[in-house]
Amino acid sequence: MRLTYIDDFRDPATAKALVARIREDAGDRPVRIMEVCGTHTVAIARCGIRPLLSGAVTMVSGPGCPVCVTPDGYIDAAIALGKERGALLASFGDMLRVPGTSSSLEREKGEGLDVRVVYSPLDAVALAAGSPDREVVFLGVGFETTAPAIAGAIRTAAQRGVANFSVLSSVRTIPEAMGILAADPDIRIQGFLCPAHVSAIIGADAYRAVASERRIPCVVAGFEPLDILLGISMLVRQIREGAARVENEYTRVATGAGNRKAQELVAEVFTPCDTGWRGIGVIPGSGLRIADRYDAYDAERKFGVPVLFSSEKTACRCGDVLKGKIVPPECPLFGKACVPEEPYGPCMVSSEGTCAAYYKYGAS
Amino acid sequence: MCLGVPAKVMERSGDAAVVELGGVRREISLMLLDDVSVGEWVIVHAGFAIERLSEGAALQTLELFREIADAPDVH
Amino acid sequence: MHEKILLSHGEGGKRTRDLIAKVIARYFDNPVLAPFLDSGLLGRIEGEIAFTTDGYVVTPPFFPGGDIGRLAVCGTVNDLAVCGAKAFAISCGLILEEGLPLETLERALAAMKEAAGEAGVVIACGDTKVVERGKGDGIFITTAGLGVSVDGWKPSPSKVRPGDRILLTGTMGDHHVAVLVARQGLSITAPVLSDVAPLAGLLLPVLARFGDGVRFLRDPTRGGVGVTLNEMAATANARFVLDEARLPVREAVRGVCEILGFDPLYLANEGKAVLIADAAVAGNVLAALRDHPYGREAAVIGEVGEGAPGVRMRTLAGGLRAVDYPVGDQLPRIC
């Protein structure tokens with residue numbers, strides 16, 4: 001029952017040896033490493049790695065959960081598109097229970113809003129092609145891993161003339177955010193564990209600027225337990241050495257230059273812009289909006305429904321969680337007013353959310 | 001940020017392909033990669049192959065893991 | 001006979017009588033049901049009686065490895081079996097949607113007959129209603145089941161203590177994946193069959209033989225082993241610690257879980273049981289389970305530990321994490 005390229009990267013004996021190596025190299029002062037990516041946060045929690053490394057490595061979770069950093073104005077805009085324009089909303093599953101200003105897609109679905117879960121943005125294009133009398137809006141939320149897929153769907157729709165398809169875009173890019181976090185003295189990051197599949201697209205070289213400007217080592221690591229542990233080990237060694245290089249643990253998939261074809265497709269369909277990150281604020285150059293030549297597929301412009309970035313509910317501490325300033329149990333709402341069944345903020349409801357990971361897998 | 005799984009390309013026709021993981025087959029798009037052959041392994045995310053998986057590099061990483069696991073205890 | 005179910009089939013008149021006499025009676029031909037009275041007369045029963053009820057609304061009604069009819073019989077038999085009772089009679093309430101092809105009904109009835117034969121239960125009474133098109137999803141089945149308790153065993157969650165072993169009778173998630181793949185719209189194919197099976201023959205001899213060496217058991221249906229273990233831990237007020245390396249999961253089920261981001265611990269099963277057993281007899285219980293066709297892949301998946309009640313798991317990486325109740329559906333996700 002072995003799964004190729006998966007089981008080999010979960011071997012318990014190697015995991016044990018890597019943990020020993022990390023603890024040995026870290027010595028008696030713990031190092032602070034930020035795992036940027038939500039998939040890493042969840043993988044670390046699912047493997048129970050945090051307690052194994054306590055005292056040697058403090059893993060700080062970052063804002064790499066695209067659902068979590070999407071402002072609640074986005075959910076409001078999506079609901080408005082469905083209710084006021086009668087659009088069929090096609091979305092990844094994660095978005096359904098995220099709270100907007102006053103409601104969520106799941107709640108509205110119960111009241112009759114037409115929301116369908118899709119696995120791929122191309123499924124949304126197919127839905128549109130199959131129902132030419134309905135407007136279909138795909139909720140395009142993601143980072144650089146998903147940007148090419150969304151771009152591919154937009155270009156496919158344009159090529160096939162599927163005019164009733166559009167995307168409500170919420171795409172953000174990672175390296176700029178890393179720069180902001182690295183500069184924040186409250187967060188005190190000594191190393192970045194860089195996302196596996198964002199890096200597969202943008203290439204490990206994309207982190208060189210952050211590494212050299214902020215003097216912080218960056219290691220690209222895969223998502224299996226051994227990938228994560230080896231990535232952490234490589235960071236610990238650089239930190240002890242005083243180095244600030246970009247290294248790649250995930251050589252089987254990520255290269256230095258990344259996927260050029262995917263990058264070109266993204267450059268054709270999207271344009272970089274300044275964009276707001278929930279809890280962090282506006283980060284210059286950290287967003288991708290749909291390029292003017294494809295504006296017919298940009299739901300915001302097509303329907304005149306702007307996504308507003310506004311101040312969030314004051315009691316919500318998602319922002320501080322996303323920046324790694326606090327851990328979820330330090331939020332006064334964690335586990336009380338904010339639980340997965342009734343989330344106050346997106347960090348608790350997203351499958352990649354830091355609070356959800358702590359709540360689901362915390363073994364205290 | 002992004003759940004991507006390794007899968008083997010079993011059939012292809014233009015940009016469309018069928019991949020397999022553990023006996024499970026799924027249709028995906030190859031539009032983000034050039035010249036993918038049947039039999040190659042790719043990483044699949046949101047219905048697209050986003051990169052190839054290098055068998056050579058995988059073996060090197062596994063070899064590194066073996067060295068680490070076999071290294072004598074340093075305590 | 002008409003080829004589709006009509007509203008008049010549920011009105012109690014000639015069409016209803018025809019449906020019963022010419023279709024249903026052909027599949028459920030046993031002496032208790034044959035007179036088609038308002039009740040099935042079961043006669044005098046020796047022993048302690050157990051009673052259960054269930055509803056079956058699975059869609060699609062037919063899927064690789066099983067169907068709604070087999071599910072209805074096995075689910076009822078299993079609810080009784082995990083409480084130590086051998087099912088002997090089941091009721092069958094059919095709610096049919098106007099327009100349901102008769103062939104679909106007959107396939108389901110045939111499956112119920114076969115499953116009832118395998119499990120040694122009689123379908124003792126039933127009812128048929130028809131609802132208007134659009135008011136029901138093809139076919140719904142409700143059952144109630146009667147069973148007689150095995151001598152010398154009853155569920156004793158209070159006897160669970162640290163050191164007891166947690167056993168699972170086979171692989172997780174087969175039913176869930178089989179049904180998921182049978183639904184249109186995901187464009188995934190997977191060679192997985194539902195595990196739907198009647199477990200009285202597997203479980204009751206084990207209970208009779210080992211007595212209170214087997215503390216109690218449950219069948220992990222909706223919500224999977226993860227939910228069932230949480231419920232059992234709460235009932236027994238005990239701490240369960242699972243071993244990730246020992247969870248039995250078919251390769252194809254793992255493949256679907258990797259692709260769609262599911263956790264096999266929370267996928268539904270319809271032919272499995274979770275048992276808590278005294279360490280002293282666990283090895284022999286395991287051997288006894290494995291001796292039976294429905295228990296060939298039985299495994300010890302963990303043990304009862306010390307400390308606050310709940311469910312934990314020792315991971316492949318050597319860490320410890322919580323296994324809590326899941327929230328919401330396991331929807332396919334990407335990020």
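**Figure 1. Helix H6 of chain C is largely enclosed by the rest of the structure.** In this predicted model, ten of the 13 residues of H6(C) are buried, so the helix is largely enclosed. The buried residues are Gly224(C), Val225(C), Gly226(C), Val227(C), Thr228(C), Leu229(C), Asn230(C), Met232(C), Ala233(C) and Ala236(C). They pack against five strands of chain C: S7 (165-168), S9 (214-218), S10, S11 (274-277) and S13. H6(C) covers residues 224-236, and at 1.5 Å a residue its 13 residues should span 18 Å. The end C-alpha atoms of H6(C) are 18 Å apart, which agrees. Just past the helix, Asn237(C) takes a positive phi of about 55°.

**Figure 2. Strand S10 of chain C pairs with S12(C) and with S13(C).** S10(C) is made of residues 239-243, and S12(C) of residues 299-305. The two run antiparallel and share four bridges. S13(C), residues 310-314, pairs with S10(C) in the parallel sense, over five bridges. Arg239(C) takes part in both pairings. In S12(C), the residue opposite Arg239(C) is Gly305(C). In S13(C), its bridge partner is Gly310(C). S10(C) and S13(C) are also among the strands that the buried residues of H6(C) pack against.

**Figure 3. Helices H1 and H3 of chain C pack at an angle of about 35°.** Their axes lie 8 Å apart. H3(C) spans residues 102-119. From H1(C), the contact uses Val23(C), Ile24(C) and Tyr27(C). From H3(C), it uses Leu105(C), Glu106(C), Leu109(C), Ala110(C), Met112(C) and Lys113(C). By type, the contact residues are seven nonpolar, no polar and two charged.

**Figure 4. An open sheet of six strands in chain A has mixed pairing.** The strand order is S4-S3-S5-S6-S11-S10. S4 (115-117) and S10 (270-277) are the edge strands, each pairing on one side only. From one strand to the next, the twist averages 25°. Within the sheet, S5(A), residues 136-142, and S6(A), residues 165-172, run parallel and are joined by seven bridges. One of the residue pairs is Leu139(A) with its bridge partner Leu168(A) in S6(A). Two helices packed on this sheet follow. Helix H4(A), residues 72-85, touches S3 (88-91), S4, S5 and S6 of chain A. The direction of H4(A) makes about 175° with that of S6(A). Helix H6(A), residues 121-130, also touches S3, S4, S5 and S6 of chain A. The direction of H6(A) makes about 170° with that of S5(A).

**Figure 5. Chain A meets chain C through 35 residues of chain A and 24 residues of chain C.** On the chain A side, four helices each supply at least two residues: H1 (12-26), H2 (38-47), H3 (49-52) and H16 (354-361). The chain A side divides into 20 nonpolar, seven polar and eight charged residues.

**Figure 6. Chain B meets chain A through 32 residues of chain B and 41 residues of chain A.** Strands S4 (41-45) and S5 (48-52) and helix H1 (55-70) of chain B each give at least two residues to the chain B side. H1(B) provides the largest share of that side, eight residues. The chain B side divides into 22 nonpolar, eight polar and two charged residues.

Figure 7. Most residues other than glycine have a negative phi, and most peptide bonds are trans. Tyr5(A) sits in the segment before H1 of chain A. Tyr5(A) is buried, because 22 other C-beta atoms lie within 10 Å and the cut-off is 20 or more. Phe36(C) lies in the loop between H1 (14-27) and S1 of chain C. Phe36(C) has 14 C-beta neighbours inside 10 Å, so it counts as partly exposed. Pro60(C) is in the loop between S1 (49-56) and S2 (62-63) of chain C.

Technical notes:
Residues are numbered from 1 along each chain as its sequence is written. Chains are lettered from A and ligands numbered from 1 in the order in which they are written. This is a predicted model: local features need pLDDT of at least 70, side-chain atom pairs count only at pLDDT 80 or more; totals for chains, interfaces and linings use all residues. Two residues are in contact if their C-beta atoms, placed from the backbone, lie within 7 Å. Ala, Val, Leu, Ile, Met, Phe, Trp, Tyr, Cys and Pro count as nonpolar, Asp, Glu, Lys and Arg as charged, and the others, Gly among them, as polar. A residue is buried if 20 or more other C-beta atoms lie within 10 Å of its own, exposed if 12 or fewer, and partly exposed in between; C-beta atoms are placed from the backbone. Axes are lines fitted to C-alpha atoms, for helices over the stretch in contact, and angles run from 0 to 180 degrees between N-to-C directions. Two strands pair if DSSP finds at least two bridges between them. The expected span of a helix is 1.5 Å times one less than its number of residues.
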